Amino acid sequence: VIEVKEPETIVWARVGGSYDDARISVDATVPPGTDVASAGLIFHYQDEDNFYLFSVSNDGYYALELLQSNEWTVLIDWTPSDAVGDSSNRMRVETSGDRIALYVNDELLEETSDSTFGEGEVA
């Protein structure tokens, strides 16, 4: 359980081991009645300045961003989806080569390609 109490903050805990092609999922909950907030799944984590971040917000949006050398790049901008719940969501990322597929609550949201990081840890 990770509880964040300071606005505009990203907090994570890494899962041991490095992976390349993988299927990663996490159950994320934002307390009902919370102001707009998001939960995320970090993958291909290299270090604190280099990783991918898949996020869903409690107002029904999702996004995919890349942090490289501490500079953010938007790969998929915040996009609305009826699949994203306002409190609880099962998030899943599937990677295969440079392909990245994003799922929420077992529904495919979008696929994209990026070859910046081909492996890394999960957080």
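I started with N70, which sits in the loop between β5 and β6. Strands here are DSSP runs of E of at least two residues, and helices are runs of H or I of at least four, numbered from the N terminus. This is a predicted model, where local features need pLDDT of at least 70, side-chain atom pairs count only at pLDDT 80 or more, and totals for chains, interfaces and linings use all residues. Residues are numbered from 1 along each chain as its sequence is written, and side-chain values use heavy atoms, without hydrogens and water.

I checked the backbone of N70. Its phi is positive, about 65°, although N70 is not a glycine. N70 is partly exposed, at a relative accessible area of 48%. I use buried for under 20% relative accessible area, exposed for over 50%, and partly exposed for in between (1.4 Å probe, protein chains only).

Then I looked at S69. S69 is in the loop between β5 and β6 (71-80). Phi of S69 is also positive, near 50°, and this residue is not a glycine either. S69 is exposed, with 55% relative accessible area.

Which residues have the most contacts inside the largest nonpolar core? They are F43, F54 and L102, in a core of 23 residues. A nonpolar core means buried Ala, Val, Leu, Ile, Met, Phe, Trp, Tyr and Cys residues joined through side-chain atoms within 4.5 Å. Two or more residues come from each of β2 (22-29), β3 (38-47), β4 (50-57), β5 (61-68), β7 (88-96) and β8 (99-104). I noted a second, separate core of 6 residues, with Y45, F51, L53 and L67 among them.

I listed the neighbours of F43, leaving out residues up to four places away in sequence. F43 touches I24, F51, Y52, F54, L64, V93, T95, I100 and E121. Contact means heavy atoms within 4.5 Å.

Last, I took the whole protein. I counted 0 helices and 10 strands. Buried residues are 41% of the 123. Of the contacts with a separation of 6 or more, 49% join residues 24 or more positions apart. The C-alpha atoms fill a box of roughly 40 × 30 × 25 Å along the principal axes.

I ended with charge. There are 6 positive and 25 negative side chains, and the centres of the two sets are 9 Å apart. Lys and Arg count as positive, Asp and Glu as negative; His and the chain ends are left out. Charges are placed at NZ of Lys, CZ of Arg, CG of Asp or CD of Glu.
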